[in-house]
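The following report describes how two chains meet and then turns to some local features. Please keep the sequence and the structure in view while reading.

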Amino acid sequence: MTTSPPTQETILRAHAEHQFAEELAALAEVDTRTRPPNWKLSPWATAKYLLGGKLDNGFEVSPKYIGRQRLVEIAIATLATDRALLLLGVPGTAKTWMSEHLAAAISGDSTLLIQGTAGTSEEAIRYGWNYAFLLSKGPSMEALVPSPLMNAMAQGKLARVEELTRMPAEVQDTLITVLSEKVLPIPELGAEVQAQKGFNVIATANDRDKGVNDLSSALKRRFNTVVLPLPDTADEEVDIVQRRVADLGRALELPAEAPALDEVRRVVTIFRELRGGVTEDGKTKVKSPSSTLSTAEAISVVSSGLALAAHFGSGRLTARDLAAGIAGAIVKDPVQDKVVWLEYLETVVKDREGWQDIYQACMAVSG
Amino acid sequence: MAIHIFGIRHHGPGSARSLARALDALKPDAVLVEGPPDADPVIPLLGCREMQPPVALLVYVPDTPRLAAYYPFAAFSPEWQAIDYSLASGAAVRFMDLPQAHQLAVRKLAEEEAAKQEAAPPAPGNGKPPEAPAPAELRGDPLALLAQAAGYSDGERWWEHMVEQRRDSAELFDAILEMMTALRTELGFEPENPFEAMREAHMRKTIRAAQKDGFERIAVVCGAWHAPALVEAAWPAAKADNAVLKGAPKIKVETTWVPWTHGRLSRASGYGAGIESPGWYHHLFTVEDQIVVRWMARVAHLLREEDLDASAAQVIDAVRLADALAALRDRPLPGLDELNEATQAVMCFGNPLPMRLIYEKLIVGEALGAVPDATPKVPLQRDLEAQQRSLRMKPDASQSEQQLDLRTPMHLARSHLLHRLGLLGIPWGKRKRVEGSKQGTFWEWWDLQWHPEFAVRVIEANMWGNTVFDAASAYAQDAANRAGALPELTGLLDKALLADLPDAASHVMQRVKDQAALSTDTGHLMDALPPLANILRYGNVRKTDAAMVEEIVDGLVARVCIGLPGACASLDDDAAEAMFKRLVTFHQAVTTLQNEDYTKEWRRTLTGMMDQSGLHGLVAGRATRLLMDAGAIDAGEAARRMGLALARAADPPQAAAWVEGFLRGSGLILLHDDDLWAVLDDWITGITDETFQVLLPLLRRTFSTFPPAERRQMGERVRRGKPAARATRAVPRSGRATRFEGERADKVLGVLGLLLGVGEDDED
């Protein structure tokens, strides 16, 4: 999964292409394979950039995405076939991270970005007008304010659309013409912008959250979909949670001790078991609640437990500090989820060795 | 007298195609195939028109059909192609592996040895006999080692890629031979395993015999691993081979063909490991060109049949993505991995569910083979006949009756046989209920009638196993995997226990456990408890299973207690009726279990339900009654509850339902249980005349369900008034109560005391 890179001196967060400029240059140097038109690296070198590894000349490329190699390969192959790429997954699965690095490696530019929100308008996707200019000089290309998408088309680069499903459905569909015809018409000027080779779109979306607008089938068909999974192993997830919680704790300057590995592991175990529908030993099945229970939520449960422990508790994270947070994350639907959660407590947690404290703490807040 | 060695991969479509081409070029006059020589007599059947692959060669020991080996063949099996070629061209064809007569004999000895060891010390654990040395796969897949060296994740993919592009087939086999020689030398492999050494010695022996018979061009088709051992230059002396083979144990075996399926090809068999993707192999073998495009077209077709979106444009895009992926991975052609990934990304929008469909229908496939009528009898048939003889049950087309006393071993065995056949869909006997004296649980009554079509079903059932026991066990396990709902599974569990199939029973229990965890239908969960409770309390299951049942019951009770209040909210009359029955049976089951934790939890749930608003009267009434009977609430509390339920604020139909729920089926009990009578009496006497008139129709509705005789007795009891013990405490009322003549009643008490055996002191 993702790792937060160290930041440059003054900028809080540098663009990927600047931060990893050295690696990109080193890869370009040894990259002798064919590059699709307007690509800065070959597909092979792009995969190397994302997955990391040692180059022939001994240069070490750091891994950007730790996870399944096959998914990265599908994503790159998709972009090479001029089909748009849709990265799908629950929050905290490194969708944005991957899209930024793909754009940085392939176009050398990860800034052509449209952020999808409920308020995103068509202008944000197509173009707007500089009204002062428009009034004084009349409609012309100069008066036009191009969107990042339009710029990407003109320059043959990758455009990124973040949180595609948060946009209203009719705004989403603006993309259809661009994706199928590779043309953005400007009827006001009787002109159009034709996409240069190398142009493509990477969109990220979240299909399980509440408050999203489903993609129309017409739009869906124009994307190749890659589903980014949650971490494969418990250790991987525990590692991510612990690292992020430590970061957050430092930022909030909590006086509590860093969380004990055991507590983090229990939270991650509960989340994984409920999410996966089966206990970690593979012996007992459990129902899954309606909430997504992503790694990101596990992080917030642990850090809020940490805040509780710091301000109201002993300063050490205990089961009591975690219980309310865990129940809150799991029971999103007061009827269905509650049954699932109580069942889980009674049939799994109750009899698990060394889990009595967490069982009692959770029953106290939920039972 | 040239010998040509063709090292192949079992079920490898590339091998099959190359082999067919190579044989065409070579025109051998004898073909030797790795396979059991015991089956040589049935090879010609393969030429029959009715023979449709996939089929399997079955070699078994007639008196213990459990000992058997299967050799499945699909159209894309190189062995099948080799035999097919020989039958068509008139070349001699022989199997050359170590005969199963020896292999099975070795297995039998090993099993007997294990049984002996088990008999001597007290059986250690589950004591399964150690597997006899199974062929090739013991070492793992030798091709996987080569594939790893070439940077592939598994041997099959590597082989696919390496074989697919070959057109110069003869050189391919030379290359394989060289490769395997290198591999065997590198690993320092000398067949130290005596079993392997015997197999290769027998192969060489068969080749020598063919040479002696004067064949000119001998084609030898064997697993690639064995190829180096069969090269003439590397042969040890004939004497050495004979010495290896000397003294091998032998047993009488029979062979036949049985129909097979692509699904079963993916399982382990006489050739060792099964193959993952028979359907894909079949595609590779049958399609001449445009493998990728044709595959994608089939995928799209399947998706459309299932009403899923799949346009031609998507097929084009999927093919392009698969090609791009193959290029990125430096592969000449997209393999199944690339095709699946492209299908999922383009056609399924990243959704893995349709991929499962594609896996079942296309990648594995549903092809079912057929065998000609002339095929020899199957072992299941023999096993059944043997059992019919030993149990003295002659199959008869006319109907006859059997009473089985399960306390005698012979009758118990008969019952097991009938139950097992019933599971396999061969209803030779039908259970019937009989009124009369012989009704105990150890009596079973059956109507027996043998229908001719059962013979066909026996042949069909043979695919599940070679004995009735094995087949029924395997079938029950398969049925458990397919069954979706809990009631189906608990029913199956019951059958498996009746048929005495311990393995199947524990498998079904595992499924019940899984399903219980996932089931959202509390009703189903409640239905599952009574049979399990019976097993736990009275059943004769193995110790390990009892522990599992306990675990399941634990989970069931906990889940029902949590889910029941929710499941009882907003029931209509029909649903409430069903829930009423479930409540009663579940309560009985909990009572049977006599477990304090369960009882406590169950009472807590019922108590909660009494206060639940919006609960159907029938259910609420029964919950109150169950608690009262269990002593969790006293009679006064029950009367208070009844008053609340029948208060004028309550909806009349619901109030009636409450009374019905409280009293249903209790006419006699009402008569003889003072407490219950008191509850009703306290309540009725406590309400005003006006209210009584309003409620009368509702009460009548419940009381009209009691038989007339009971109602009459109730009336008499009312006329007699309150029982003496209570009369003193009763609120004095005008009218009837004063008419109670205590003196006359006291006269009876003396006699009654004698009858009941209590002292007269207790009378007050």
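## The interface of chain B and chain A

In this predicted model, about 2,600 Å² is buried between chain B and chain A, and carbon and sulfur atoms give 58% of that area, where buried area is the accessible area (1.4 Å probe) that two parts lose on being put together, summed over both. Of the area that chain B buries against chain A, 24% is supplied by Leu328(B), Phe349(B) and Ile562(B), which is more than any other three residues give. The contact, defined by heavy atoms within 4.5 Å, takes 29 residues from chain A and 27 residues from chain B.

Local features in this predicted model need pLDDT of at least 70 and side-chain atom pairs count only at pLDDT 80 or more, whereas totals for chains, interfaces and linings use all residues. Residues are numbered from 1 along each chain as its sequence is written, chains are lettered from A in the order in which they are written, and side-chain values use heavy atoms, with hydrogens and water left out.

Eight salt bridges are found across the interface of chain B and chain A, a salt bridge being a side-chain nitrogen of Lys or Arg within 4 Å of a carboxyl oxygen of Asp or Glu. One of the salt bridges joins Arg70(A) to Asp337(B), with the closest N and O atoms 3.3 Å apart. Helices, which are DSSP runs (H or I, at least four residues) numbered from the N terminus, also contribute: the table lists those of chain B that each supply at least two residues of the side that touches chain A.

| Helix of chain B | Residues |
|---|---|
| H13(B) | 312-328 |
| H14(B) | 336-347 |
| H21(B) | 502-518 |
| H23(B) | 543-568 |

H13(B) gives the most to this side of chain B, with seven residues.

## Chain B and His587(B)

Chain B has 34 helices and 10 strands, strands being DSSP runs of E with at least two residues. Of its 764 residues, 50% count as buried, that is, under 20% relative accessible area (1.4 Å probe, protein chains only).

His587(B) lies in helix H24 (residues 573-593) of chain B, and His587(B) counts as buried because its relative accessibility is 17%. Leaving aside residues up to four places away in sequence, His587(B) touches Trp602(B), Leu606(B) and Leu626(B).

## A helix of chain A

Helix H14 of chain A (residues 295-311) has 17 residues. Among its buried residues are Ile299(A), Val302(A) and Leu306(A).

Methods. The expected span of a helix is 1.5 Å times one less than its number of residues.
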